[in-house]
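Thanks for coming. I will keep this short, so please have the sequence and the structure open while I talk.

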Amino acid sequence: MHPEKNNSSAFEPKIIAFVCTWCTYAGADLAGTSRMQYPSNVRVLKFPCTGRIDPVFILKAFQQGADGVLVSGCHPGDCHYIAGNFHARRRFAAFRKLLEFVGVDLQRLQFSWVSAAEGGKWVDVVTDLTETVRALGPMTEFKELALEEQWSGALTTPELKEAYLQI
Amino acid sequence: MSRIGVFVCHCGENISRTVDVERVAAHAATLPGVACATEYKYMCSDPGQTLLKKAISEQRLTHVVVAACSPRMHERTFRKAVEGAGLNPYLCEMANIREHCSWVHEDREEATAKACDIVGMMVERTKKNRVLPAITVPVTKRSLVIGGGIAGIQAALDIADAGHEVVLVEREPSIGGHMAQLSETFPTLDCSQCIMTPKMVDVANHPKITLYTYSEIELVEGYIGNFQVTVRKRARSVNERTCTGCGVCMTKCPQKKIPNKFDQNIGMRTAIYVPFPQAVPNTPVIDRENCTKFKTGKCGVCQKVCGPGAVDFEQQDTLIVEAVGAIVVATGFDLYSISEKPKGSPIKGYGEFGHGKIPDVIDGMTFERLASASGPTGGKIVRPSDGREPKQIVFIQCIGSRAREKGISYCSKVCCMYTAKHTMLYHHKVHDGQAYVFFMDARTPGKSYDEFWRRSIEEEEAVYIRGMVSRLYQKGDKIVVMGSDIAVGVQVEIEADMVVLATAVQPQQGADLLAQKLGISYDKYNFYSEAHAKLRPVECATAGIFLAGACQGPKDIPETVSQASAAAAKVMTLFSKDRLEREPIVARVREAGCVGCFACKKVCAYGAVEEKEIRDRQGNLLRVVASVNPGVCAGCGTCQATCPSKCVELDGYTDEQIVAMIEAL
């Protein structure tokens, strides 16, 4: 949606972070007010609670071209909504197994607990993930899938279908 | 078709220094659905808000995106402004390009590109925002206070004096709590009973206070403004209405050797008893475990001697349901009983310092009862073992507290001061005695506190030894205390007559169970958690429940009283309105698709999901579906992520909105 970065030489990973409002979003705000510096690759999506995060969003993010995904919320026991992060933890433990089975490098998907007081930890987590993913290179698997889906949906005439198969 | 207005803020130079705001606005203007995009130096200022309102009416905007600071900072400001211009406040969103962009990146190109992304993401999200009408719920202007110690008493009196009804529930047979047990109070050495008992009487006589003693909370249902609380009133075996409190039953009871918990088990009581003479209510209770009548069926002396015929062996527990709008939790503390390990306690170090084995090693509260004029010894400080006056007494501080390896890492806060007080009380009563104190640090912040502590050393001749005790054992009728004085660097050995341990302050037994009934959070020690450590210290994260006193953390009396009054003020604020308005970020069930699996009900920590029956016109049951009570729902959205058929939606965070954001990236 924005003008593409024109530096084709260096790979800049795209990181999407799903965070809860009360802890990690506030922690990221604290990193801001403390003027800490971290790579600009991350885009933050705010949720009320990590419990609200559906694993489908993670798949969707990879499909939309994310090279790395971060999910972060309150520390266990500190959930603003009593137990939402426990549900999230359980859900993602299972989801990671699934992704591993499918063949996704789990280094691309990170979970962490960052509290509202841990601006420094937020910086570390984001920096680590960005550097790890940069070293891994672009995530291609899901992007190709998305592309195929997009193309196959547009193949309305037999001529187009034939042309597609010949690619 | 949406007509979105994008307003990019410079925030003085805070944003514009690293982000090219003109370019961000120009980029936003190209996005589909954006009707106007502009930038301004301070969007939150009065001219900035006027600019926004003017644009809404002139450009007929349907949605607004303000790209500025964190929504945690100014979301409310802008939503209010948008509402002022006639739009629903939830059609306004903020793009955080300050805390999450300009302040954390230095490269202007990178920061501008990221700001463009963030704005684009929020534009796509805002397109999917729906009008959310405000939700209001009625308020029952009655309050429940749990715990009748000084915190509960203060909160109850404050709320009742404001004209609201209060239900005060106390587990013990009398109100008063730990403060009623104390002898004198620091730093003024006021007699605790003298300042406490008038307040207890005020509670009993207050027309707005309903007092349930010897009662416990059974069940809590409902939500802010509308709680239904079931109180279990345990059978007292004495009719409270007819009993005159004459006390003849107690003098005639043949069971006279039951350790009195109020006197830390050094004093004795009868089986029909009031815990202490100043008890409120002054109605005895029969301790059914120790009463001969209940054990063998023979006796019943109390019933025979009772003039008004108040003794009732047949009495049963009763359950009372009270409707209240707010709850103040003031369950207080208990001292870490070092002698025996309660079942399942994660804390180590039980049985140390000879507590429970050597009779003259006592804890601080027992010393209070010995020193108290109304205590079992009439205020004489004597050894529990042989009734002799101790001539050498050793106080040991930080027993349990500040011992990470033993499981309690916090400071109990009151022990330094009460030990200083103990040395004074001792010196006032045993003139030729000598008090020694083993301490790690003296922590005496508070008005007139440090002066008080100095006084105990300089005027009352207490000897303070910095260092901990390494060994303690009985030798004849003496207790040998060995330790090191690290300030001088020598080993110390004292032959003491009595040892007083300043044991750690802990939450009441069963504090976690009560928290689970109330749906409030607690820390690893079972202290209740406040909503915000600094800015919301007396509120729970669960709306409508407030905290007062040591149940939230160790506290002294002045602090407890201030917190109780603060909690009462919060309750009064809540009661100042007839209806409560709350953020309409709540879950909603699409009943047509709901299969009634109730996975949402299982994950809901608030009990907001109810079962709703759908019937046809004849009244035949068709289906049972989930339904969310908007008054209870806190808006976490766990139900939505859990619903297998995707039939629960959290307003303000719908799948549609989130997917739109992801797709914009």
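This is a predicted model: local features need pLDDT of at least 70, side-chain atom pairs count only at pLDDT 80 or more; totals for chains, interfaces and linings use all residues.

Chain A, then. Its secondary structure comes to 6 helices and 4 strands. If you read along the sequence, the pattern is β-α-β-α-β-α-β-α-α-α. Of the 167 residues in chain A, 45% are buried. Take the contacts in this chain with a separation of 6 or more: 81% of them are between residues 24 or more positions apart.

Now the sheet. The 4 strands of chain A form an open sheet in the order β2-β1-β3-β4, and the pairing is parallel. At the edges stand β2 and β4 of chain A, the latter being residues 109-113; each has a single partner strand, so one side of each has no neighbour in the sheet. From one strand to the next, the twist averages 20 degrees.

Look at one pair in detail. Strand β3 of chain A, residues 68-73, pairs with β4(A) in the parallel sense, over 5 bridges. Within this part of the sheet, A:Ser72 is opposite A:Ser112, which belongs to β4(A). Across the strands lies helix α4 of chain A, residues 119-136; it covers β1, β2, β3 and β4 of chain A and runs at about 160 degrees to β3(A).

On to the contact between the chains. Chain B contributes 43 residues and chain A contributes 35 residues. On the chain B side, α4, α5, α17 and α18 each supply at least two residues. The helix that gives the most is α5(B), with 9 residues. By type, the chain B side divides into 22 nonpolar, 12 polar and 9 charged residues.

Let me stay with α18 of chain B, residues 655-664. Which of its residues are buried? They are B:Gln657, B:Ile658, B:Met661, B:Ile662 and B:Ala664. Seen down the axis of α18(B), these buried residues fall within an arc of 165 degrees, so they line one face of the helix. As for what they pack against, there are elements from both chains: β2 (42-47) and α2 (55-63) of chain A, together with α5 (108-127) of chain B.

Next, a helix elsewhere in chain B: α11, residues 364-371. Here 7 of the 8 residues are buried, so the helix is largely enclosed by the rest of the structure. The buried ones are B:Gly364, B:Thr366, B:Phe367, B:Glu368, B:Arg369, B:Leu370 and B:Ala371. The list includes B:Glu368 and B:Arg369. Among the elements that cover the buried residues of α11(B) are β19, β20, α12 and β27 of chain B.

For contrast, is B:Glu451 buried or exposed? B:Glu451 has 11 C-beta neighbours inside 10 Å and therefore counts as exposed. This residue is in helix α13 of chain B, residues 449-458. Between B:Glu451 and B:Ile272 there are 179 residues in sequence and 45 Å in space, C-alpha to C-alpha.

Last, the layout of chain B. The domain assignment gives domain 1 (4-127), domain 2 (235-316), domain 3 (335-506) and domain 4 (587-664). The centres of domain 1 and domain 2 of chain B, taken over C-alpha atoms, are 72 Å apart.

That is what I have; I am happy to go back to any part.

Technical notes
Residues are numbered from 1 along each chain as its sequence is written. Chains are lettered from A and ligands numbered from 1 in the order in which they are written. A residue is buried if 20 or more other C-beta atoms lie within 10 Å of its own, exposed if 12 or fewer, and partly exposed in between; C-beta atoms are placed from the backbone. The arc is that of the directions from the helix axis to the C-beta atoms. Two residues are in contact if their C-beta atoms, placed from the backbone, lie within 7 Å. Ala, Val, Leu, Ile, Met, Phe, Trp, Tyr, Cys and Pro count as nonpolar, Asp, Glu, Lys and Arg as charged, and the others, Gly among them, as polar. Two strands pair if DSSP finds at least two bridges between them. Axes are lines fitted to C-alpha atoms, for helices over the stretch in contact, and angles run from 0 to 180 degrees between N-to-C directions. Domain bounds come from an automatic or database domain assignment.
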